[in-house]
Amino acid sequence: LLYDRALAIKEKVFGPQHPNVALGLNNLAEVCRAQGNHARAESLYKRAIAIKEKTLGSGHPSVATSMNNLASLYQAGREYAKAEPLFKRALAIREKAYGNDHPSVATSLDNLASLYEAQNRLSQAETQYRRALDIREKTLGVEHHSAATSLDNLGRLCESQGHQGRAELYYNRALRIREKTLGANDPAVATSLENLAALYKSTGRETAAVSLEARAAAIRAKR
């Protein structure tokens, strides 16, 4: 109700075709999505895209953001055929706006890779995840915490393909980066520890797994 009222105020103050209204539509769509009202969320996201394209231009990065939101909604509903062209359009917009080597491009690559992974198109997913990692290491540095996110993605993908050795290397690199850049007690470190623990369990290293799980639990207990 609060977001509905905020949207109504924006429409009255700015008119129905204004970027601020698009922002209000996006906020309300997020609420609807969280409540499970995907049909209304879809309608609101679409309206936000239309307003942004009309007022900002079809190549504006803000349009890409709204397209990503709608695509993510479709992916959550397993409407992969609807999600893919939106993720690809968002990627193309960001590449044109920022250049091929930009962190926002890496985010779009992650989105597309996640979609491929959900469809078991693992080779395509790996290509996108690797490119995202390359961009982050090039633009942010090899020890940036965003690079750790990419390493986690690749580790998970390798693990799902039965490449436990490669997965362990990726997970360990992600853990070292997070401990160094975020501190030993950051929740992201706990996530890395949990990833490694699950891998160790799956490969019969129960004692090592229990130790990592205990560390992760201690970190989360402090939050």
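Predicted model: local features only at pLDDT ≥ 70, side-chain atom pairs only at ≥ 80, totals over all residues.
Together with Val13 and Phe14, Ile9 makes a nonpolar surface patch of about 290 Å². Ile9 counts as exposed because its relative accessible area is 53%, and the cut-off for that word is over 50%.

From the surface, the reader can turn to helix α2, which runs over residues 19-34 and has 16 residues. From its first C-alpha to its last, α2 reaches 23 Å, close to the 22 Å expected at 1.5 Å a residue. Within α2, the residues Val21, Ala22, Gly24, Leu25, Asn26, Leu28, Ala29 and Cys32 are buried. An α-helix has 3.6 residues a turn, so residues three or four places apart point the same way. Just after α2 comes Gly36, which takes a positive phi of about 85 degrees.

Most residues other than glycine have a negative phi. Arg78, although it is not a glycine, has a positive phi of about 60 degrees, and its place is in the loop between α4 and α5 (80-98). With a relative accessible area of 68%, Arg78 is exposed. Asn120, likewise not a glycine, has a positive phi of about 65 degrees, and is found in the loop between α6 (103-118) and α7 (122-139). Asn120 counts as exposed because its relative accessibility is 58%.

Terms used: Residues numbered from 1 in each chain as written. Heavy atoms only, no water. Helix = DSSP H or I, 4+ residues; strand = E, 2+ residues; numbered from the N terminus. Expected span 1.5 Å × (residues − 1). Buried < 20%, exposed > 50% of the residue type's maximum accessible area, 1.4 Å probe, protein only. Patch = residues over 30% accessible without salt bridge, like charges linked within 9 Å, V, L, I, M, F, W, Y side chains within 5 Å. Areas by Shrake-Rupley, 256 points an atom, 1.4 Å probe, with all protein chains shown as cover. Salt bridge = Lys/Arg side-chain N within 4 Å of Asp/Glu carboxyl O.
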